[in-house]
Structure formats: structure tokens, C-alpha cells
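Let's take a friendly walk through this model.

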Amino acid sequence: MKNRTNVRWLTQLALLVAILLVLNYTPLGYLQIGPLSASLLTVPVAIGAMTMNPMAGAILGGVFGATSFIQAVEGKSAMGAALFQVSPAGTFVVCFVARVLMGLCTALIFNALRKAMPKNEKLACFLGGLSAPVLNTVFFMGFLVLIFYNCDYVQNLANTLGAQNAFMFIVLLVGVQAIFEWAICCVVAGAVSLPVRKYLKMN
């Protein structure tokens with residue numbers, strides 16, 4: 001039984017990693033809503049965090065973060081490339097560490113919600129789905145401001161946006177796009193995780 005569980009866990013993790021990579025390296029990972037482009041990359045991380053365990057959430061977050069860091073190193077992300085020139089170690093923290101913490105904390109928050117609302121797992125799934133993109137924004141922007149706010153690139157960006165302080169910089173940079181991402185991940189991850197959890201309990 002233990003071997004069967006381990007195989008199922010690894011299979012589910014591999015499937016979510018594959019989905020994450022496909023979303024990251026193709027246009028499928030971005031939903032165009034008018035002039036805005038909302039990322040779907042937090043969705044597989046949230047699903048894994050809620051249907052598996054905190055370790056899976058951290059691993060999936062790490063895969064997300066690793067691809068983001070690689071794009072920064074290769075210069076495929078304008079912001080990532082600029083930050084890498086300032087501090088490779090700092091860029092690793094912003095890209096990778098932030099996403100590992102996002103996946104781990106999403107699982108922990110979901111587990112806490114499930115225990116607090118044992119009779120309302122549906123709501124816990126949707127709130128857990130919402131927590132992933134919110135945490136992604138909080139950790140990414142938090143580390144960005146903490147490590148890079150005083151560098152020339154970020155200061156020029158802040159001046160362009162008209163931000164007078166770090167908080168306004170975060171609000172103006174994140175903007176409406178983050179709200180769309182939060183809503184999409186909340187709905188999609190919550191809607192997928194609930195039936196998956198029920199299936200896993202039955203089998």
C-alpha cells in the first residue's frame with residue numbers, strides 16, 4: 001500500500017511539473033484579457049499544494065522559480081536580466097526562493113483552512129487557490145523591494161511609474177493585472193482541486 005501511495009504521489013507530481021513547464025514555455029500560460037496578460041503559472045502549484053502536501057507545493061514552486069531564474073539568466077525576461085546584472089544571488093532569491101515559499105505556504109494555509117472549516121472543504125479549496133497568487137505577489141515583490149529597491153534599474157522604473165515610495169511602487173507595478181491573476185487561480189485551482197481531492201480519498 002505504501003509503495004502504491006508513493007508511486008501515485010510521484011506520478012501526480014510529475015504530471016503537475018509537466019503542466020507547469022508547458023504553461024511556462026508556451027503562450028498557454030498566459031491569458032489575454034483585453035490589454036492585460038494574466039499568468040496561469042501559479043495554478044499547478046496551488047493544485048499540487050492542496051491535493052498533495054507542503055513538500056509537493058514547495059517542489060512545484062521550486063520548478064516555477066527555477067524556470068523564472070533561467071529566463072533571467074538567459075535574458076528572456078527584461079526585468080530578470082536587469083536584476084541579474086545587479087545581483088545574481090539576489091535574483092535567485094526573488095525568482096526561486098519566493099516561489100518555493102509560495103508553494104509551501106499555500107499548502108500550509110490550505111491545511112489550516114481545512115482544519116478550521118472541516119465541513120466546508122469547497123470554500124477551503126477556493127481560498128487556498130486564491131492564496132497561491134497572492135503569496136506569489138507578496139513574496140516576489142517583497143524580496144524585490146527588499147533587495148533591489150535602491151538599485152538604478154528599480155529606481156528608474158519607480159520614477160517612470162510615478163511611485164513616491166516602495167509601497168506605491170508595488171501597487172503601481174502589480175496593478176490590475178494581479179487582481180485578474182488572483183481571480184483566475186482562485187477559480188481554476190479551486191474548481192480542479194475539489195474533485196481531485198474527493199477522487200484521491202475514494203481511491
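Leu 60 sits in helix α3; helices here are DSSP runs of H or I with at least four residues, strands are runs of E with at least two, and both are numbered from the N terminus. With a relative accessibility of 0%, Leu 60 counts as buried. The labels work like this: buried is under 20% relative accessible area, exposed is over 50%, and partly exposed is in between, using a 1.4 Å probe and protein chains only. Leu 60 and Leu 104 are 44 residues apart in sequence, but their C-alpha atoms are 9.1 Å apart in space.

A word on where this comes from: the model is predicted, so local features need pLDDT of at least 70 and side-chain atom pairs count only at pLDDT 80 or more, while totals for chains, interfaces and linings use all residues. Residues are numbered from 1 along each chain as its sequence is written, and side-chain values use heavy atoms, leaving out hydrogens and water.

## Along helix α8

Phe 169 is another buried residue, at 0% relative accessibility, and its helix is α8. From Phe 169 to Asn 159 is ten residues in sequence and 8.9 Å in space, C-alpha to C-alpha.

Lys 201 also belongs to α8. Is Lys 201 buried or exposed? Lys 201 is exposed, with 57% relative accessible area.

## A nonpolar patch

On the surface, Leu 161, Phe 167, Met 168, Val 171 and Leu 172 make up a nonpolar patch, with about 420 Å² of accessible area together. Such a patch takes residues with over 30% relative accessible area and no salt bridge, joining nonpolar side chains (Val, Leu, Ile, Met, Phe, Trp, Tyr) within 5 Å, whereas like charges are joined within 9 Å. The areas come from the Shrake-Rupley method with a 1.4 Å probe, and only the protein chains shown count as cover for residues.

Helix α8 gives the patch its largest share, four residues. Leu 161 belongs to helix α7 (residues 152–161), and its 31% relative accessibility makes it partly exposed.

## Two salt bridges

How many salt bridges does a search of the whole structure find? It finds two, each being a side-chain nitrogen of Lys or Arg within 4 Å of a carboxyl oxygen of Asp or Glu. One joins the side chains of Lys 76 and Glu 74, at 3.2 Å from N to O. Lys 76 counts as exposed, at 59% relative accessibility.

The other joins Glu 121 and Arg 197, with 2.6 Å from N to O. Glu 121 is in helix α6 and Arg 197 in helix α8, so this pair ties together parts that are 76 residues apart in sequence. Both Glu 121 and Arg 197 are buried.

## The largest pocket

The largest pocket has a volume of about 760 Å³. A pocket is an open set of points on a 1 Å grid over the protein atoms alone, with protein on both sides within 12 Å along at least five of seven lines; lining residues have an atom within 4 Å of a point. The volume is the space filled by probe spheres set on the points, which are joined across faces, edges and corners.

Of the 25 lining residues, Arg 99, Asn 136, Phe 140, Gln 177 and Glu 181 are the closest to the centre. Helix α8 gives the most to the lining, with five residues. The lining divides into 13 nonpolar, ten polar and two charged residues; Ala, Val, Leu, Ile, Met, Phe, Trp, Tyr, Cys and Pro count as nonpolar, Asp, Glu, Lys and Arg as charged, and the others, Gly among them, as polar.

How values were computed. 1 Å grid on protein atoms, 1.4 Å probe; cavity = no way out; pocket = protein on both sides within 12 Å on 5 of 7 lines; lining within 4 Å.
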